[in-house]
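Let's take a walk through this one together, helix by helix, with a stop at the ligand along the way.

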Amino acid sequence: MRIILLGAPGAGKGTVAKVLTKLDGAVQISTGDILRGAVQADTELGKKANAFMKAGDLVPDDLIMDIMKDRLQEPDCKKGFLLDGFPRTIPQAEALKTLLGDLGIELDMAASLEVPREEILNRLSTRRTCENSTCQAIYNVKSSPTKVDGICDKCGSKVIQREDETEEAITHRLETYCEKTAPLIGYYEKEGLLMTVDACVTDDVVKAIQARLKT
Ligand code: ADP
Ligand code: ZN
């Protein structure tokens with residue numbers, strides 16, 4: 001499967017992607033995870049991206065496209081991919097279309113995960129992330145807590161609240177989403193690739209995507 005997951009921060013793109021990758025070997029590509037990994041490793045990319053991310057602003061399109069151009073040509077993408085958090089702007093979507101055209105790759109769909117705003121706010125303020133850059137497992141203090149308080153079940157590292165998950169940064173990220181990313185819904189509708197799905201329950205999203213792939 002070759003799928004773009006669209007949706008506000010906290011809509012569950014990462015969670016849905018993780019479930020779907022287990023089903024057929026497609027890889028999850030999360031630009032957020034790649035960028036956080038680069039910030040932790042303090043690479044050139046990380047140095048450039050850090051300030052934007054902390055403020056809840058988008059990282060410039062050209063940096064993102066450099067990452068994705070390389071990433072989509074890695075051998076593991078041959079089995080398919082789930083794009084989680086990319087594209088995030090119309091210019092990124094247009095650049096992606098050109099890139100995929102050049103690589104001879106066709107998308108199956110862009111799935112837009114819809115969740116009410118209160119639920120988003122609630123999810124983000126209670127979200128916790130494993131600080132180990134190679135793990136980055138996601139928990140929720142209410143709905144999916146760690147077994148041992150503050151410790152990642154998968155790797156034993158500390159589980160933290162992300163710097164961009166303070167109330168102020170969350171509000172700003174949601175504004176950025178409405179302004180820059182929500183227009184992609186119309187873009188993919190015109191491209192004939194859009195599927196909208198109620199994303200309050202992860203399993204329902206997975207089922208809807210699977211059903212659409214079969215048609
Ligand atoms: P979210 O939980 O908001 O979906 P992500 O983990 O996808 O968060 O992204 C975290 C941050 O990384 C964003 O706020 C932004 O600064 C940066 N980022 C991730 N993907 C992109 C992208 N495609 N374009 C620009 N910036 C991005
Ligand atoms: Zn971990």
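Is the crossing of α2 and α3 left-handed or right-handed? It's left-handed, a label used if the near helix is turned anticlockwise from the far one by less than a right angle, with clockwise giving right-handed.

Before going further, some ground rules: this is a predicted model, where local features need pLDDT of at least 70 and side-chain atom pairs count only at pLDDT 80 or more, while totals for chains, interfaces and linings use all residues. Residues are numbered from 1 along each chain as its sequence is written, chains are lettered from A and ligands numbered from 1 in the order in which they are written, and side-chain values use heavy atoms, with hydrogens and water left out.

Back to that pair. Helix α2 covers residues 31-41 and helix α3 covers residues 44-54; helices here are DSSP runs (H or I, at least four residues), strands are E runs of at least two, and both are numbered from the N terminus. The two axes come within 8 Å and cross at roughly 115°, where axes are lines fitted to C-alpha atoms, for helices over the stretch in contact, and angles run from 0 to 180 degrees between N-to-C directions. That makes α2 roughly perpendicular to α3 (65 to 115 degrees; under 35 is roughly parallel, over 145 roughly antiparallel, and the rest oblique). On the α2 side, Gly32, Leu35, Arg36, Ala38 and Val39 make the contact, and they meet Leu45, Gly46, Ala49, Asn50 and Met53 of α3; contact means heavy atoms within 4.5 Å. Sorted by class, these are six nonpolar, three polar and one charged. Here Ala, Val, Leu, Ile, Met, Phe, Trp, Tyr, Cys and Pro count as nonpolar, Asp, Glu, Lys and Arg as charged, and the others, Gly among them, as polar.

In the loop between α2 and α3 you'll find Asp42. Asp42 has a positive phi of about 55°, although it is not a glycine.

α2 also packs against helix α4 (residues 61-71), at an angle of about 105° and with the axes 11 Å apart. These two are therefore roughly perpendicular as well. Thr31, Ile34 and Leu35 of α2 touch Ile64, Ile67, Met68 and Arg71 of α4.

Now for the ligand. Around ligand 1 sit 18 residues, the closest being Thr31, Arg36, Asp57, Arg127 and Arg173; a residue is near if one of its heavy atoms lies within 4 Å. A polar side-chain atom of Thr31 is 2.7 Å from a nitrogen atom of ligand 1, a polar contact being a pair of N or O atoms within 3.5 Å. Val59 uses a polar backbone atom, 3.0 Å from a ligand nitrogen atom. For Arg173, a polar side-chain atom lies 2.6 Å from an oxygen atom of ligand 1.

Another spot to check is the peptide bond from Phe86 to Pro87, which is cis, with omega near -5°. Pro87 lies in the loop between β3 (81-84) and α5 (90-103).

Finally, look at helix α1 (residues 13-24) and helix α9 (residues 202-214), whose axes come within 10 Å and cross at roughly 50°. They are therefore oblique to each other, and the crossing is right-handed.

Conventions. A polar contact is a pair of N or O atoms within 3.5 Å; within protein, one must be able to donate a hydrogen and the other to accept it, and residues adjacent in sequence count only if both atoms are side-chain atoms.
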